[in-house]
Amino acid sequence: YNNLKLIFVGRLVDQKDPQTFFNALKIISNKIKFKAIIIGKGIYLNELKKFTNENKMKNFVKFLGWQNNPFKYLRSADMLILTSKYEGLPNVLLEAVYLKKFIISSKCKTGPKEILDNGRGGELFKIGDHIQLAKKIVEYSKSKKKYNKKINFAYKRLYRFDYKKNLNMYLKLIKTHL
């Protein structure tokens, strides 16, 4: 039985709501074995490190700061967690889908819901609901294979975010209206 490798990539600020992720980690820390990698820096860094120490999670939570290329860390993870309160088009989600990683994301008004096709390509949870997030992480850890369908579904739908294709579409639209 090996550790579940979780990754969080984002600024440690209110918009990204990393505290929800840490509250979920606290819940799962006595349920499953995991390692969590935190990539990013921001005003909550010291607070989150303190929370990690106080809740005896120092051995399974690593803070790597800002990384120029988080790709290699994302590649070695099992799952990407996104806890944002709001998003535009979060590139890290597209990168995780491309690398065929399982994604659990908050259900922001825009962004993750589209990328994950309302949950058909990953799991969505209510913004700020660390209990629901913790449950979804534990469920995944118990039966990873069950979620391969969602991973592959998201991967097959990635073409929708091909910017070259989308730019060409916009160019055609503009040309027909000139």
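Mentor: Contact here means heavy atoms within 4.5 Å. The model is predicted: local features need pLDDT of at least 70, side-chain atom pairs need 80 or more, and totals for chains, interfaces and linings use all residues. Numbering starts from 1 along each chain, and side-chain values use heavy atoms, without hydrogens and water.

Trainee: Which residues in H2 meet H1?

Mentor: Helices are DSSP runs of H or I, at least four residues, and strands are E runs of at least two. H1 covers residues 18-28 and H2 residues 45-54. On the H1 side the contact uses Pro 18, Gln 19, Phe 22, Asn 23 and Lys 26. Their partners in H2 are Glu 47, Leu 48, Phe 51 and Thr 52.

Trainee: How are H1 and H2 oriented to each other?

Mentor: Their axes, fitted to C-alpha atoms over the stretch in contact, lie 11 Å apart. The angle between N-to-C directions, on a scale from 0 to 180 degrees, is about 5°. Angles under 35 degrees count as roughly parallel, so H1 and H2 are roughly parallel.

Trainee: How many residues apart in sequence are Asp 14 and Lys 85?

Mentor: These two form a salt bridge (Lys or Arg side-chain nitrogen within 4 Å of an Asp or Glu carboxyl oxygen), with the closest N and O atoms 2.8 Å apart. Asp 14 lies in the loop between E1 and H1, and Lys 85 in the loop between E4 and H4, so the pair ties together parts whose separation in sequence is 71 residues.

Technical notes:
Parallel < 35°, antiparallel > 145°, perpendicular 65-115°, else oblique.
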